[in-house]
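Open the model in your viewer and keep the selection panel at hand. Each stop below says what to select and what is there.

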Amino acid sequence: MTHRERLVAAARGGPMDRPPWFVWDAGNAAALLANHAPDAVVASSPEEAKQLLGSTGEEGPAVLVEVLNPLGLALHEGDNPNRLLDKPDAATRELDRWVERCREALSLALESGADGVLYRLRGAEPPHSTPMEFGGYHLERERALLEEIRDARFNVLLADGGKDTYIDFLTDLPAHAFAWDDNKLPYTARQVREMRPGALACGLYGDLSKTWNDLQGVGVVFAGPARERFDYSEVEVKIAEIEKALRP
């Protein structure tokens, strides 16, 4: 299977020759590719995505572009539209302004030729929003944006938050795979699978065989934030062991 075929199979719960893997926050995706063969790489911009696609070709890894959600964009720029929620009309205008910013970023990401996006969702946790604020004002806007890009080959929704993230709000949002940082959000793959039946991108630094078996080999993508000076050859060896076990 090619890298892209493997990711599509994982997204659809189909059979794979081996589980795919990738990291986010690698900093220098080209440097990672010089030494390893992940099934996807994450570009920080459409321009970087074009460069990666030009150098790797169709047989290379899938290329995703990182895009912040509307509330995440606002927080990144030192703002929080929830400050206006006591003024509904003003709040709606402000929220929709950030939605348009996000929509434009998603459009540019896919126009670059990228296979999809890493949709980094921030703000679904205190102190940025309460459950009522996020569920009442943000959740359906997130859903609408993700629905608009669902025809991309492989989109990943990254729940980028800590232990108080409203994960139960996020697990039914439309994306081909659901990701989180195991060290920040204390859920096992099995626990998240109970909330979301689709593909999960997680567990890169844990016991790969256990995660594979816990999820019965369905919809598994090993993923996590990049670690400096980590030898990803160890991951590739473990994945090769799973691949060997899968051979008839």
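Start with the largest cavity, which holds about 60 Å³ of space. A search of the whole structure finds 1 cavity of 30 Å³ or more. A cavity here is a set of points on a 1 Å grid over the protein atoms alone, where a 1.4 Å probe fits but cannot get out. Grid points are joined across faces, edges and corners, and the volume is the space filled by probe spheres set on the points. This is a predicted model: local features need pLDDT of at least 70, side-chain atom pairs count only at pLDDT 80 or more, and totals for chains, interfaces and linings use all residues. Residues are numbered from 1 along each chain as its sequence is written, and side-chain values use heavy atoms, with hydrogens and water left out.

Now select the lining: Pro70, Leu71, Pro81, Leu95, Trp98, Val99, His138, Arg141 and Glu142. Lining residues have an atom within 4 Å of a grid point. Color them by type: 6 are nonpolar, 1 is polar and 2 are charged. The nonpolar class is Ala, Val, Leu, Ile, Met, Phe, Trp, Tyr, Cys and Pro; Asp, Glu, Lys and Arg are charged; the others, Gly among them, are polar. Which helices each supply at least two residues of this lining? They are H4 (70-76), H5 (88-111) and H6 (131-148). Helices (H or I, at least four residues) and strands (E, at least two) are DSSP runs, numbered from the N terminus.

Stay on H5 and pick Glu94. Is Glu94 buried or exposed? Its relative accessibility is 12%, so Glu94 counts as buried. Buried means under 20% relative accessible area, exposed over 50%, and partly exposed in between (1.4 Å probe, protein chains only). Leaving aside neighbours within four places in sequence, Glu94 is in contact with Asp79, Pro81, Arg83 and Leu84. Contact means heavy atoms within 4.5 Å. Pro81 is also one of the cavity-lining residues.

Next, select strand S4, residues 116-121. All 6 of its 6 residues are buried, so S4 is largely enclosed by the rest of the structure. Strand S3 (residues 62-68) pairs with S4 in the parallel sense over 5 bridges. Two strands pair if DSSP finds at least two bridges between them. Look for Leu68, which stands opposite Arg120 in S4. Strand S5 (residues 156-159) also pairs with S4 in the parallel sense, over 4 bridges. There, Val156 is the bridge partner of Leu118. Trace the chain from S4 through H6 to S5: this β-α-β crossover is right-handed. That is, with the strands pointing away from the viewer, the path from the first strand over the helix to the second runs clockwise.

Move to helix H1, residues 3-12. This helix is mostly covered, with 7 of its 10 residues buried. Select those: His3, Arg4, Arg6, Leu7, Val8, Ala9 and Ala10. Their cover includes strand S2 (40-43), helix H3 (46-56), S3, strand S7 (199-203) and strand S8 (220-225). Just after H1, check Gly13, which takes a positive phi of about 75°.

Finish in two loops. Thr188 sits between strand S6 (177-180) and helix H8 (189-195). Thr188 is partly exposed, with a relative accessible area of 43%. Gly206 lies between S7 and helix H9 (208-214). Gly206 is partly exposed too, at 33% relative accessibility.

Conventions:
1 Å grid on protein atoms, 1.4 Å probe; cavity = no way out; pocket = protein on both sides within 12 Å on 5 of 7 lines; lining within 4 Å.
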